[in-house]
Each structure stands twice: as C-alpha cells, then as structure tokens.
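Look over the sequence and the model first, then read on.

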Amino acid sequence: MTATQEHPTRPEPGPGLVAVVREVQRLRSADALRRITVLVPSFAAARDLVRVLAFHGGAVNVHVRTASQAVAELAGPELAPRAPLPSPLLAAAVEKALDEAPGDLAPVAGEPVTAEAVARACLRLGTVEADSVRGETRLHDEVLRLAAAAHATTHGAYYPQIEAVTAALGRLDALGHVVLAGPLHGGQLERRLGAALAARGVTPPVGAGAEHLAPAAEPDAEGAVTGTHVLHASDADDEVRALVRFVRSRLAEGVPGHRIGVYYPSPDPYLRLLHRAFAEAGIAVYGPGTSGLGHTAAGRSLVRLLRLDAEAMPRGDLLSIVAEGALVVDDGEGRPVSSRRLELLTRTRVPVIGGTDWDHLAALAARPAGERAPGDGELSPAERPAAVALLGLVSRVRAALTGVDSAPSWSALADAVDHLLTSLFRASPDVAALRAVAASLAELDVVAPALTRERVVGAVVSRLDALTDRVGEEGVGVALGPIDDAVGRDLDTVCVVGMAEGLLPVLHRPDPLLPEGAVDPTPAEFLDERYRVLQSALAAGNRHRLCSFPRGSLRGGGDRIPSRWLLPTLSRLAGRPVHATKWEEGVDGCADVTAVDSFAEGVLAPPAVLGDDPATRTELTLRALAARGWRPGPGDPALLDRAHEMRRDRRTGAFTRFTGNVESVRELVTVLDGPVSPTRLEDWAQSPYLFFLATVLRVRTLDEPAATIEMDLLDYGTLVHAILEVYVDERVREGHAPSRERLEEILREQCAAAVAAAPGLVESLWRRREELLRAELDRWYADDLADLDAGWTPAVTEAMFGRADADGVTVEVPYPVLTATGERTLLLSGSIDRIDTRTGARRVTDYKTGGAPGKKERPHADDPTLAGTRFQLPLYAAAAEAIAAARGEERRPVTEVRYWYCTEKGGFESIALAVTEELLEKVRADVGHLVDAIDRGWFPLKGGRGSARDLADLLGGADLDRAWERLSRHEPVSSHPAFAGIVVPDPDATRPEESA
C-alpha cells in the first residue's frame with residue numbers, strides 16, 4: 001500500500017475497553033500493589049488492551065490473560081511434573097484400549113476412523129468430570145469405558161483439561177483482582193471459569209458490552225449489535241474483491257491497517273480468497289495461513305509414501321508423489337531424471353501398473369544393449385537411465401517402508417521414518433521440520449498402541465495438522481481470522497464476510513458417540529452463544545461495521561439469501577422489517593446497503609462506499625482498457641497486446657500466428673526434411689493444427705495403464721496385425737502351405753504377449769475378446785484361401801520403407817511433387833502390411849480392423865485422395881515399386897492397392913483402387929498441394945479425428961471447429977487446393993436464390 005497512513009500516537013479506545021480501563025483504574029486506586037488480572041477473549045484482544053492501558057494509567061502489575069492462559073498458569077505448578085495431555089497421545093491411548101478390549105466395537109475396531117472418532121469423543125470427555133456423564137445407549141457406554149481406559153493409561157504423566165480447570169479454580173486468589181473484559185465464550189473451560197468468577201461476584205463491568213447482546217431466539221431485540229453497512233456481491237470471489245476495495249478506501253482515509261479486521265465464519269473458501277485479494281492489492285495482513293507443513297510438497301509426499309503398499313507399489317501413486325518434486329530421483333550418477341521421462345517410460349514404452357510389472361521393467365533394464373527378446377525389444381539409450389533411476393527409487397522406497405513395517409516400537413518407528421526422509425527426500429527446511437515430527441513419534445511408547453501402517457499415518461497426519469502456519473507480523477497490517485478472533489478487539493473497522501444462510505450460522509453437528517448435552521451445549525444453547533459471539537465481534541468496530549454476503553455460488557451453483565443473523569442489520573438500515581426471501585425488495589433504495597452487480601461493475605464503476613481508486617494493478621489496467629474501448633494502448637504490456645490480437649483474430653477468422661499461420665518462421669518447420677508416412681500426411685488433412693501440435697511440437701497425451709481394463713480398438717488392431725504378420729511371414733520365408741492349426745498357435749502366442757504388455761486387462765473381458773478374434777481369423781483364413789485360388793501369393797509382409805528394418809536395411813522412397821515454389825522431393829516412410837504377386841502384377845494390402853467407410857468416403861478412380869485427404873493406398877503403390885527394386889525382384893507393376901477390413905466390424909470387406917498413370921498423377925498433384933501448405937507454415941485451427949484426437953478433446957474440439965468455420969471463409973484457406981476437401985462451405989454462399 002503506497003498511500004500515506006496517519007498513525008495516531010494515542011489511540012482512542014472503544015466504549016468496551018474504556019469500561020475495562022476504568023475498572024482497572026478503580027481497582028488500582030483502591031489497592032495500588034495488588035495484582036490485577038484481566039481476562040480477555042483472545043491474544044489479539046490482549047494486545048489491544050495492553051496498548052490502551054499503556055496510554056491510560058499504565059499496565060504495571062496488570063496481567064492480561066486469556067482464559068486458557070490463566071488456567072495453565074494456575075494449574076501448571078499444582079499438577080507438575082505431569083503435563084497437559086496432547087490429543088495425539090490420547091488418540092494413541094484410545095487405539096491401545098481398542099486393541100486390548102474392543103467390546104461391542106470389535107467389528108470396526110480395526111478401522112482407523114473408529115479410533116479417530118472415539119478419540120475426539122474422549123477429548124471432549126476430558127473437559128468434564130468423569131462421573132458427570134451417563135450413557136444413554138450401549139455405544140455411549142462403550143465410549144465412556146474406552147475413555148476411562150485411555151485416561152487411566154496416560155494419568156501417570158499427563159492430565160486432562162478437567163483436572164487443570166479444577167486445580168485452577170482452587171487457586172483463583174493467585175490472580176488477585178480479576179476483571180472480565182467481556183463474557184467468556186467457548187468450551188467447558190470458559191464456562192466453568194466464568195461460573196466460578198460469577199460466584200465471586202466478578203462480571204464484566206458495565207459498558208463492556210455484555211448487557212447489550214441479544215439472544216439467538218430474538219436476533220432483532222432492541223439491544224442487538226448490528227452492522228453500519230451491508231455489501232452484497234454475485235459470489236464469494238466478487239464479495240472479497242469488493243471488500244478489499246472498501247479496506248483500501250479506509251486506509252486511504254488514514255486508518256492504520258492494524259485498526260482494521262476482516263473476519264469469516266468458515267475458512268473455506270474465504271481464507272484463501274482473502275489472502276489472494278489482499279496480496280494482489282499490496283495490503284499487508286496477518287492471521288492464519290492457508291497452508292501448514294502438511295500442505296507442503298514434502299509433507300504431502302511423506303504422508304502419501306507412508307500410505308503406499310510396498311509390495312504392489314502402484315505406478316500411478318508413486319509417480320504422482322515424484323511429481324511433487326520433494327524426492328531425489330537420479331540415474332545413479334547424480335543426474336536427475338524428470339517426471340516426464342518416467343511417465344513416458346511406464347505409460348507407453350513399458351506399461352506398468354505395479355507389482356510384478358516392476359520385475360518386467362527390471363529385466364529389460366538388465367538386458368545388455370543390443371539384446372532383444374520376443375515381444376519386448378530393448379530400451380533405448382534415453383530410456384535406460386530413466387528405468388535405472390525409477391527402479392532405484394522403487395527399491396529405496398520398498399526398503400524404507402519395510403523398515404517402517406518391521407519397527408518393534410514407536411521409538412524404532414521414529415528412526416525408520418527419519419531414515420525414510422533422509423534417504424528419499426531432498427534436504428530442505430520442510431524436511432528438517434518433518435524430521436522433528438518423526439522424532440516426536442517416540443513419545444507414543446508411553447502408551448505403546450500396536451503398530452500398524454494406518455496408525456503410523458494417523459499419528460503423522462495428526463501432528464502435521466496441528467502445525468498450522470500464520471502469515472504476517474502480529475499487529476502489523478490488516479487482521480484476518482475467524483469471527484471469534486474479533487471478540488474483545490479494539491478496532492476502527494470490522495468487516496464480517498460470508499453472512500449468508502448456509503454459511504452463517506455454521507452448522508453444529510452433535511457427536512453421536514456422546515449423550516446430547518452431556519459435554520457440548522444443546523443446539524439451542526450453541527446457537528445462542530454463536531450469535532452473541534457475532535455481536536461481540538461486530539461491537540469491536542468502533543466506527544465502521546461492514547457486513548457482506550454472496551448472492552450465489554459459482555462453485556456449487558444456486559442462489560443464497562442473507563443469514564438470519566444479518567436480517568436485524570438490514571432491517572435497521574432500511575428502516576423497516578426485511579424478510580429473508582424478499583430481502584431485495586426490503587432494502588430497495590437503502591443507501592447503506594451496497595450491491596456489486598458484477599465483476600465488471602465492481603472494477604469499472606464501483607459504488608462510492610468502496611472508493612474510486614482501483615485496488616490492484618489489474619483493475620487499473622482494466623479501467624484504462626475500458627476507457628479505450630478495450631483496445632491496448634501505448635505502455636500496455638506486450639502480453640496484453642498479444643491477447644487482444646489473438647481474441648480478434650480468432651473471432652474474425654483472420655489467418656495469423658494465433659490461428660495457425662507460422663509462415664514467418666516456416667524455416668523452423670522441418671517435419672518434411674526427413675521421411676514422412678502417408679498416414680501422417682492424412683493427419684494434416686484431418687486437422688492441420690493437431691498435426692502441428694503432435695508432429696511438429698511433439699505434444700502427446702499419455703494413457704494410464706491401470707485404466708485399460710479391456711483392449712481398445714487401436715491395441716486390438718495391433719494384435720491382429722502381429723498375428724497376420726507372423727503367419728504370412730512364415731509362409732513367405734519357409735514356403736509353408738496355408739495352415740489353420742498354425743494360425744491358431746500364433747493366435748495363442750500373440751495373445752499371451754499382448755496380455756503381458758497390458759497388465760491392466762481384466763481376464764474375463766480379455767477372454768471374450770480372444771474368442772471373437774478366433775472367429776474373425778476363421779473368416780480371414782477362408783478369404784485368404786480364396787485369394788490363393790485366384791492366383792495371389794504373398795511375397796512380402798511388413799515391408800518397411802524410409803527407415804531401417806530388422807536387418808538394418810533402409811529402402812528409400814523419393815517422391816517428387818510440384819509446389820508453388822517449384823519441384824520438391826518428399827521422402828516417404830511406413831510399413832506395408834502385405835504385398836502379393838501373380839503373373840505380371842503386384843497387389844498392395846493394408847489391413848484394417850475398424851469399420852468400413854460409407855460409399856461417399858471411399859477413394860475411387862476419379863478422386864483417389866478424396867479431395868486431398870486420403871493418401872495411404874496410392875503412396876503405398878509407389879513404395880511397393882521401390883521395395884521390389886531394392887529387393888532385386890523382377891519388374892511387375894502394382895496394379896491394385898486395397899484396404900482389407902478383416903474383422904467383423906469391417907464386414908470383411910475389401911476396398912480396392914486400380915492403379916493407373918492417370919490416378920498416380922492426380923495423387924501427385926494433391927500431395928504437392930499439401931506439401932506446399934506445410935512448407936508455407938500453414939496449420940489453421942481445426943478439430944479432427946486424426947492420431948491426435950485425444951489432444952483435441954483436451955483443447956476443446958468444438959471450439960476448434962468453430963474457429964475453422966470462420967477461417968474457411970477467408971484467404972488463403974478458402975481457395976488453396978490443400979484445404980479443398982475439408983473447408984466448411986459458407987452457408988450464405990450456398991443458399992438457394994429463392995431463400996435469399
């Protein structure tokens with residue numbers, strides 16, 4: 001905050017503190033030397049009172065304490081050397097009691113949630129006299145029995161709250177004169193202390209505010225403390241942004257930040273929103289943080305590691321932990337290995353789910369370079385270090401978890417967790433703090449519950465949850481906190497957010513493990529106390545008390561109405577009764593009720609009460625943009641200029657860098673400098689943009705191996721190709737006659753290899769797929785025999801070109817085409833499933849396992865590429881000629897190329913093209929157009945069904961298609977031949993004249 005703030009040297013206290021100060025002065029004048037103890041609701045309230053006392057009569061021999069501080073000060077010496085019972089230790093004692101005598105809870109005693117629930121109930125029971133609670137059900141009796149056993153276990157070294165309160169009440173005289181700064185709100189400790197002081201005639205002084213608080217049953221009673229202004233916005237986000245503007249206006253008026261407090265009924269979602277909004281506005285705050293040690297990368301990783309099954313070691317869970325960045329993962333020589341490389345290795349190259357899959361990866365990693373095994377291949381030089389690093393991590397994690405599981409005591413367990421941290425984690429302050437947490441586990445040997453992994457996790461989590469962080473310096477900046485933190489404060493401005501029904505009052509759920517009203521107050525008493533707390537919080541604002549609420553929730557949906565506890569404020573401000581369901585009518589025209597209708601209005605035309613100045617740099621930029629008609633101007637960030645240009649181009653259909661035109665850097669597009677497959681060219685024709693992402697930038701989506709419970713069409717097609725390749729290759733190499741028995745053997749072998757490579761397959765689903773495949777191969781075998789009778793004999797299978805085959809031989813297939821800049825030679829690559837020969841002719845076959853296309857989607861002599869979108873068959877004809885020449889075979893022209901749909905889904909149909917010179921020239925021209933577009937750097941936005949269709953789903957295929965419709969109406973997309981087969985016609989240009 002850059003505005004000048006006036007800091008008064010002598011703060012004027014509010015009426016509540018004035019009454020307290022006067023009472024202290026009265027007691028001081030009566031007995032100047034006797035101790036005076038002032039009991040306040042919170043630490044912040046204590047700080048305010050000490051500051052005020054320093055300006056009004058001095059604070060010498062005046063002890064300002066919270067109720068819990070006073071009890072600890074009085075009871076500590078009395079109960080020493082015993083210490084207060086920490087909740088994690090009580091939880092451990094409950095677990096031990098459940099182990100030794102589970103009683104009626106035996107069926108659920110082993111569940112971690114059982115011990116947690118009973119421990120919470122026991123903690124509450126520790127605030128009342130042991131014989132004051134009588135069970136009403138068998139469940140209550142069981143909980144009371146377990147509580148007695150747990151407290152008996154810990155009694156020798158620790159004491160519960162009730163003992164501390166009882167001891168403190170016996171030493172109240174040590175406090176000297178006692179002054180109550182206000183009613184004592186809270187739990188049993190505050191109630192018992194308040195009752196004991198009331199019995200001595202100690203009550204809050206007149207004027208402290210206690211006498212004006214209305215009960216929840218009559219929230220609009222005459223003495224109710226209400227707000228001075230109400231703000232409402234569309235949702236919690238806009239509500240918080242508007243509130244920050246209001247706080248900024250108060251700071252600009254000279255109110256010191258420490259005299260302003262912002263309070264919420266629940267931290268979710270308000271604490272995170274408040275921290276973010278104040279940070280963006282540059283306003284210092286102090287209060288609870290949004291994260292603690294348990295929310296750091298190291299804290300999350302520790303808990304998740306402790307939950308891992310060491311034997312199964314699920315890949316997804318382990319690599320998710322690695323992605324947190326807290327673990328050390330290197331290749332054994334100190335070189336780090338990225339999470340991306342590990343994901344690629346275990347999702348695509350060697351699919352891993354867990355368990356024995358790690359052994360498969362280890363066998364591949366141990367195999368010498370150059371050695372291959374059937375179905376496995378070998379790891380590449382880039383994959384091997386990643387495999388070594390990951391296997392090393394798996395080994396270290398398993399060893400560390402084995403040490404945790406085998407620890408004979410909690411002390412040994414503490415050492416095992418410490419070893420896990422030092423052996424797996426990078427050194428950092430967070431890890432040092434985690435080691436301290438691990439060391440504290442040794443204290444559980446006092447009660448020694450049985451060691452299980454679930455209990456270890458619970459013990460660690462409970463300790464991490466207790467380590468909440470606070471941000472800022474206490475007393476410096478604007479205070480943030482729950483509503484209770486405002487009670488007793490001395491502030492200029494108090495803001496309470498979230499005052500909508502459903503958010504306030506916070507729902508109170510009685511503990512079903514305890515008799516209702518035996519420990520906690522009844523629901524009516526609870527509501528009454530919470531309403532009094534709210535009023536006390538509002539009373540802390542001496543000049544301004546802002547109440548705000550959201551009219552809806554963009555996260556959960558639906559509308560909200562004002563809280564029942566906000567209605568008294570609305571009614572007083574409006575001067576008439578306001579009802580919850582008709583509140584908008586009730587406050588219509590009220591100057592003290594401010595509406596922020598939308599985010600835009602809050603930024604561009606904020607209500608006067610929020611101040612005219614923008615609260616953040618972003619708001620300043622938005623206002624400047626709005627003043628210029630939302631057009632960037634001189635001095636605006638370059639990023640803003642680019643964003644405006646992108647929105648304009650995508651909206652208007654201009655073909656620029658933001659819609660897929662990279663012509664200005666086309667020399668960087670080198671995808672056609674090396675061999676390219678016909679199907680890759682078809683991907684461009686399906687979606688130039690997705691081709692750019694997948695082929696030029698090499699962006700890809702990764703499948704989760706554990707999600708593959710049934711073989712998908714792609715894997716099924718790969719399996720069919722593998723079976724037919726082996727079968728036909730044996731016939732070609734060894735001269736075998738057709739054999740149904742051999743085809744069945746190959747089916748079983750390849751199915752076994754496919755199952756091993758896809759560990760997530762469900763056996764029952766896989767067996768059904770295998771039987772279907774067996775039936776389809778019967779039909780394929782019959783058709784293959786018919787082909788043989790027609791004179792076709794298989795000559796080559798899986799004929800590779802453009803890249804090295806298994807023998808290291810590369811057949812180059814140059815393919816000259818004509819582009820706008822002249823002749824260009826394209827190098828083709830791929831693999832032809834099968835080449836057959838008969839007298840004077842060759843035929844190329846490509847197996848297909850999907851559904852056969854409709855009549856209009858099939859290539860034919862007049863349009864062999866379907867307007868430049870299908871190239872595989874005719875280009876395979878050119879490749880087959882080159883392969884035959886490289887193999888030194890006699891010259892036989894390729895007379896036919898075909899797709900053979902060899903599954904039930906494709907109807908076992910064959911779609912063929914007769915190869916002629918005229919056809920090949922048409923193909924060459926269409927390929928030239930496509931190559932020309934790629935060479936120019938043209939990759940317009942478009943969805944599609946190509947190999948990157950999963951990527952299209954992530955990016956929003958519908959949005960890409962809408963952008964393509966606009967681009968289709970503008971040059972060069974509308975006229976260049978490469979787009980002829982995919983361009984979207986302009987509906988206005990194709991309407992019949994009579995409808996125009």
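The lining of the second largest pocket divides into 15 nonpolar, eight polar and 13 charged residues. Here Ala, Val, Leu, Ile, Met, Phe, Trp, Tyr, Cys and Pro count as nonpolar, Asp, Glu, Lys and Arg as charged, and the others, Gly among them, as polar. The model is predicted: local features need pLDDT of at least 70, side-chain atom pairs count only at pLDDT 80 or more, and totals for chains, interfaces and linings use all residues. Residues are numbered from 1 along each chain as its sequence is written, and side-chain values use heavy atoms, with hydrogens and water left out.

**The second largest pocket**
- Its space is about 880 Å³, a volume filled by probe spheres set on grid points joined across faces, edges and corners.
- A pocket is an open set of points on a 1 Å grid over the protein atoms alone, where a 1.4 Å probe fits, with protein on both sides within 12 Å along at least five of seven lines; lining residues have an atom within 4 Å of a point.
- The lining has 36 residues, and Pro41, Ser42, His185, Asp484 and Asp485 lie nearest the centre.
- H19 gives the largest share, four residues.
- Elements that each supply at least two lining residues include helix H2 (43–55), helix H8 (188–199) and strand S10 (478–482).
- Helices (H or I, at least four residues) and strands (E, at least two) are DSSP runs, numbered from the N terminus.

**A three-stranded sheet**
- The open sheet runs in the order S2-S1-S5, with parallel pairing.
- Strands S2 (62–66) and S5 (177–180) are at the edges, each with a single partner strand, so one side of each has no neighbour in the sheet.
- From one strand to the next, the twist averages 25°.
- Strand S1 (residues 36–40) is joined to S5 by four bridges; two strands pair if DSSP finds at least two bridges between them.
- Val38 has Val179 in S5 as its bridge partner.
- Helix H3 (residues 67–79) packs on the sheet and touches S1 and S2, its direction making about 110° with that of S2.
- Contact means heavy atoms within 4.5 Å.
- Axes are lines fitted to C-alpha atoms, for helices over the stretch in contact, and angles run from 0 to 180 degrees between N-to-C directions.

**Strand S12**
- Strand S6 (residues 229–233) runs parallel to S12, joined by five bridges.
- Ala233 stands opposite Pro550.
- Strand S11 (residues 491–496) also pairs with S12 in the parallel sense, over five bridges.
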